[in-house]
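My notes follow the order in which I looked things up.

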Amino acid sequence: MGADVQLASEAGCHFDSGCGFPAPGLGEFDFKPIFSVGGVDFTKPMLLSIICALLVVGFFWAAFAKPKLLPSKFQLVGEIGYDFVKRSIVLETIGKKGEKYVPMLVSMFFFVWIMNIMSIVPFAQFPVMSRIAYPAGLALVVWVTYMGLTFKKHGFVGGMKNLCWPSGIPGWVMFILVPIEFFSNIFVRPFTLAVRAFANMFAGHLLIVVFSVASWYLLSPTIGALYGSVSFVVAVGLTAFELLVQFLQAYIFVMLASSYIAGALEEAH
Amino acid sequence: MAPEVFLAEEKMNPLLPAWPEVIIGLLCFFIVFGILGKKLLPSIEKVLGERRDAIEGGMKRADAAQAEAQALLEQYRAELAEARHEAARITEHAREQGAALITEMREEGQRQREAIVAAGHAQIEADKKQATAVLRQDVGSLASQLASRIVGESLEDHARQSGVIDRFLDELESKAVAAQGASK
């Protein structure tokens with residue numbers, strides 16, 4: 001639990017005690033294992049991801065396990081969330097054919113969102129998505145779905161054409177465009193999908209840590225107290241800002257996944 | 001900072017995924033996906049569908065009921081109009097029939113009356129003839145009795161044989177007729 005331990009260890013490190021600023025770095029994202037099994041370390045992000053899965057399942061279980069025609073308040077909240085993802089993201093992007101992919105994308109949205117929210121939950125205070133492995137895993141799921149649907153719908157040749165051959169482009173541009181499209185759709189898309197989510201959460205977490213550490217570091221009976229309080233206000237402001245970013249990144253992640261699926265299902269042109 | 005953290009920091013590349021984490025992350029996702037996709041979302045989708053049906057179905061049912069009511073009203077009106085028409089027709093028919101019946105009755109009555117009157121006349125005529133015959137005989141015999149009383153006994157047979165009385169009476173009668181004709 002690197003971050004917490006580190007902060008605790010700096011309890012006495014202040015601006016006026018001749019202590020250098022303990023600039024937070026990559027170490028913030030590296031955790032000492034809670035325990036190890038056969039050389040594999042079980043770390044805090046893993047624990048958090050399991051907790052997140054349980055939270056999502058728990059919430060929807062409580063909301064939807066015994067659904068009623070006249071919903072309870074809890075069910076109503078769940079319905080609003082479900083309906084939001086279903087209508088504003090999936091059906092909006094894919095259309096009527098998207099019904100089939102609603103469960104996957106709804107699960108993905110709420111799983112990603114809660115993993116992002118962990119960033120500002122006391123004691124957790126770590127966005128699980130800022131470990132590249134989690135967005136990479138989910139991007140892999142999206143990529144497999146994307147590729148699978150493309151080739152299942154259009155066959156190999158049609159699928160390749162769907163991936164690489166944009167319509168309405170004059171022939172000579174194709175020499176440049178086809179390789180770009182190929183590279184972009186097959187390799188860049190999953191990579192950027194994962195990295196976008198990762199980098200946003202990574203940067204957000206780092207910012208909050210920097211200002212939190214700074215406000216603690218600057219806390220002293222000198223002018224530093226003023227800087228410290230400014231730093232604290234910024235940290236609070238950033239926390240609120242992160243709340244927005246967490247939602248936005250989950251939204252974007254699922255929105256892009258939907259648009260890839262929509263592309264795969266598109267009629268050949 | 002602890003030394004091992006520094007060590008970790010040096011060898012850590014934040015863009016390289018750690019496989020155990022990828023596996024745990026995927027596992028967690030598929031747990032969520034499995035439970036939501038297999039159980040929870042289909043059940044809520046079913047309820048949402050039912051709710052939609054309840055609302056739309058209610059509207060449809062209301063529409064259907066209204067249409068049915070409208071149709072019934074039309075049918076009722078048509079039947080009512082037909083019934084009125086039928087009633088008017090029956091009334092008309094009855095009136096005609098009644099009028100015909102009355103005419104027939106009247107004719108029948110007329111005919112019977114005439115028959116009765118004719119029968120009466122015939123009866124009266126017959127009675128009159130009979131009475132005249134009887135009277136004529138009586139008057140003849142009375143007159144001859146009276147004459148024989150006056151003239152003698154023997155006249156009676158003779159007068160009877162010779163038809164004198166009859167002739168006299170005919171004479172009287174023709175005089176009376178002549179007198180009647182003159183008075184007219």
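I began with Leu193(A), which counts as buried because it has 23 C-beta neighbours inside 10 Å. For the record, buried means 20 or more other C-beta atoms within 10 Å of the residue's own, exposed means 12 or fewer, and partly exposed is in between, with C-beta atoms placed from the backbone.

Ground rules before going on. This is a predicted model, where local features need pLDDT of at least 70, side-chain atom pairs count only at pLDDT 80 or more, and totals for chains, interfaces and linings use all residues. Residues are numbered from 1 along each chain as its sequence is written, while chains are lettered from A and ligands numbered from 1 in the order in which they are written.

Back to Leu193(A). I found it in helix 6 of chain A; helices here are DSSP runs of H or I with at least four residues, strands are E runs of at least two, and both are numbered from the N terminus. Leaving aside neighbours within four places in sequence, I get contacts from Leu193(A) to Ala139(A), Val142(A), Phe253(A) and Leu256(A). A contact means C-beta atoms, placed from the backbone, within 7 Å. I also checked Pro135(A): it sits 58 residues from Leu193(A) in sequence, but the C-alpha atoms are 7.8 Å apart.

Next, chain A as a whole. I count seven helices and two strands, in the order α-β-β-α-α-α-α-α-α. The C-alpha trace spans about 70 × 55 × 45 Å along its principal axes. Of the 269 residues in chain A, 40% are buried. For contacts between residues at least 6 apart in sequence, 66% join residues at least 24 apart.

Then the cores, meaning sets of buried Ala, Val, Leu, Ile, Met, Phe, Trp, Tyr and Cys residues joined through C-beta atoms within 7 Å. The largest has 65 residues, and Cys52(A), Leu105(A), Phe109(A), Phe111(A) and Val112(A) have the most contacts inside it. Elements giving two or more residues to this core include helix 5 (133–164) and helix 6 (174–217) of chain A, and also helix 2 (19–151) of chain B. Helix 4 of chain A gives the largest share, 13 residues. I looked up Leu105(A) too: beyond four places in sequence, its contacts are Val85(A), Ile89(A), Val90(A), Val254(A), Ala257(A) and Ser258(A). A second, separate core has eight residues, among them Phe211(A) and Tyr217(A).

Technical notes:
Contact = placed C-beta atoms within 7 Å.
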